[in-house]
Amino acid sequence: MEVFKLSTANLVVYLHPSKAGNVPQAIRYELGKLLFKFNEVFDGVVLSYNGNVVGTNAKILPTTHPNETVEKQITNAKIRPSIHPYFGVRLKAKLLLFSPKPDMLIEGKVMKLGEELIHVVVLGFCSATIIEEDIRKDFRYKIKHGEEVYASTSERRHVIKVGSMVRFLVKSMDEDMLHISGSLLPPNTGSIKWLDKDEDLESERRVKKRKGESHKGMQVQGMGLLDKELLQNNDGSSKKSKRR
Amino acid sequence: MGMEIENNKMEVIKEEEDSEVTDSEMVRFLRNALQEVGETEFESSTHHYSDLVAVFGNQDGRDTDHVALLVASSRALSRAVTYIDIDRHNSLLSNIFRMSIWNFGENVMDALIDLIKALAASSGKYVEDCLEMLVRNFKPPQNLLNFVSQPHGIAKKEKVQDRVHKALKDIAELMPVSLLYLNGIVVQRMPRMSSKNDFPRKIKDDLQLSEIYVESMLKLERGVLGRFMGNVMLSAVVYRLVELDVEIEWDEILQDDPSKGIFDMEIEDTDEAADYNDDGEVCLKAGFGLQKMGADAFADRLDSLMVLTCEHIKSRADEGHLHEVFDTLLLSFKKSILDTHKSKFAQFVMFYACSLDPERCGVRFAVTLADTFVRAGESPTTRMSAVAYLASYLSRARFLPSTLVVSMLKRLVDWCAKYYCKFQDVEEENINPHVHRVFYSGCQAVMYVLCYRMRMMVDVPHLKSLLLDMPLESIFRNSLDPLKVCLPSIVNEFLRQAKAARLFTVSEKFFFNDLLESDLSKTYGGIERLDTFFPFDPCLLRNCDSFIRPHFLYWSIVNKTYDDDGDDNGNSDEDVNEDEGFVDGDGECFHDGDRNLDELDYEVDLDEFENSMNKMSITPRKSLKHMMPARIRPSTSPESL
């Protein structure tokens, strides 16, 4: 399962007749109301949309009270009775959804750190907290150079502080408040900087292995800039690995 | 129970002192106290937990022991927030959220604010309650209301506001979703408006609370969070201005001399309007001249709120955000002010905002009003109101470039000419002024603007040619006969100036010196009497006027096309800043070469003045309550009489 989903939705947006003069704007306004709120139908938080009006026929809800003018319904079956004469515009919209579920790994920025809590913000709008009990024992709370940090006892360079990007496990999510309860118990969680370096080390080992197997370095060069950077990183991290 | 709790508290403190309890131990102690509470707190609440609840239930900031305990408890609890459960610790939470930080010193304020921040950020459950608590602290508790107006109180107000706003910002950083709730909470929590039937004391208190609250709202908009909160705050403030405005009725504004005509209404006699006490301070006879004390309090507060709003606009303009603020104001004007029946004061915030950037804001306001007037989809009342605003604005705003005034005038004249073409076959006897009320309001607006600006236009050759090209004669002399329908005082003044400027041949039959206000005018004005609505007549609010005055064109300094010397109005009441001159947007003088406004004669010749009154004032007394009255406050400027 992915944290992000791309869904195509068939929607009917009901607009007040006063908005008939500028339907696209009214549609944008209605779709805008979906943003950054959890929607049960889509099972996620709508992050963006791209809607196109489908067809030119609008469904009109006439201004009749449900208890009256039954005749009208009979004469024109397409018109449904309603108190307000809203008209429905059919849309096909592509929606980008954010849908974190328990046991997924997500990333966010540490905004505040204390002994009892780490506050994280994901994608700039969704808050998350990781309580003391959900931080693995490997991490110790310290005050380093006047700054509160959680530092790993086994990996000296693995440090979480304010401003760090962290990867953590989703325990639960309060959908109304867009609040995630997270965990740093699994070993593949923690500061992204360190975790990625760890992955780089792995890839470096793989590259070296490949180099050993093939004497031609052309294959690596052919992979472009990314690989150059990778090699540069690997040069730096190889020293670290020796230390480790 | 109370004594028992106090003793218990003392024991806790003693324990702390004796054994030098560390912060960590205190946190652990509170965690245990919170964990000991059973599923339903009332059945199995522990001794320690009850003490904790009682600590936050006491709002006495004078008891030093209690203050020490409160600081220690708050600090420790902010590190144990994850142990608080919304169901099990309900009484503790409700006591915390009921606290008013105004009751305490700075150390308690800081500790409590930290606790609220920690609670808000701990999980999503408490965000709304925390925001509500902070927003409630925008205003002081009732018992501190008098204290807040004293110097110490003002200092305290700033301390509280700084902390509350900082807390809101910090919460928004940790819980971005809080911004979605904040707007709604701030608007909902606005102090309610008291009715004029309430006791004067209550009205005064409510209005003072309202003012302090609005101050915080504007501070919020100015702050870091402002750009995330849209235009809600300023719109709500403008709406509150309108609410206060409508509480003051025209009937409650004293008329110092109901025999004066529209153009004489600005003339005031300061000696009559004010008394002076022993210290030389001005004592108004009835405050703002409002007959009812309740209404006077409303005017007083409205004045303060207007000043706050103008200061806010100015500070936003200084920061380079005037256009964003202006967008909000324009929207609020259309939604709240334009359709308010004869708004008296609230519209001056627009006037002030326009004055800060005449080239963009000033022009946009005029164009919006003109658009509203010519738009067929709008209701006739809205269109008449819009054109009244436009006429008054073009006449009174001295910061407007002359080219804009002329182009707007041309737009009005063209619309009137086009309208007339559709009805030129109507016979004069069959005219129903009510049916053509929008047309008449347009004609009256053209005349009103020309009363103020004709001289400026005829003195500049290219503007004069534009004026002469306008089909003025055809719109004023036709079967719809606006000269007979519009307000006679305006028609008279217009014709007098038109005659002097040789704009067109004016027949003597069009002068209505001996006529009372025509019934036709009343008919076209409708029951709302929009024919007598001049929204930007001089501002009656003393403090707000200081923002408006430098940008305001008073009738007393308007150059007329006719020779003023013979029957000068002598209206020297307006202490116009004489150094400023009268310069349009292009740096071009509005007035004739050698003759400067500074040289205008402000001497009062009472005989001539009365004579002039008799000539110009033909409006019956009973209708004058609908017009902007003479300025009823004493002018404190040294130039005034």
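Modeller: Contact here means heavy atoms within 4.5 Å. This is a predicted model, where local features need pLDDT of at least 70 and side-chain atom pairs count only at pLDDT 80 or more, while totals for chains, interfaces and linings use all residues. Residues are numbered from 1 along each chain as its sequence is written, chains are lettered from A in the order in which they are written, and side-chain values use heavy atoms, with hydrogens and water left out.

Colleague: OK, how many residues of chain A are in contact with chain B?

Modeller: 20 residues of chain A, and they touch 17 residues of chain B. Together the two chains bury about 1500 Å², with 60% of that on carbon and sulfur atoms. Buried area is the accessible area (1.4 Å probe) that two parts lose on being put together, summed over both.

Colleague: How many salt bridges are there between chain A and chain B?

Modeller: The count is 3, taking a salt bridge as a side-chain nitrogen of Lys or Arg within 4 Å of a carboxyl oxygen of Asp or Glu. One salt bridge joins the side chains of Glu115(A) and Arg79(B), at 3.1 Å from N to O.

Colleague: And which strands of chain A supply the side that touches chain B?

Modeller: Strands E6 (105-113), E7 (117-122) and E8 (126-131) each supply at least two residues. Strands (E, at least two residues) and helices (H or I, at least four) are DSSP runs, numbered from the N terminus. That side of chain A divides into 8 nonpolar, 5 polar and 7 charged residues. Ala, Val, Leu, Ile, Met, Phe, Trp, Tyr, Cys and Pro count as nonpolar, Asp, Glu, Lys and Arg as charged, and the others, Gly among them, as polar.

Colleague: Changing topic: what does Arg75(B) meet in a salt bridge?

Modeller: Asp114(B), at 3.0 Å from N to O. That pair links distant parts of the chain, 39 residues apart: Arg75(B) sits in helix H5 and Asp114(B) in helix H7 (residues 106-122) of chain B.
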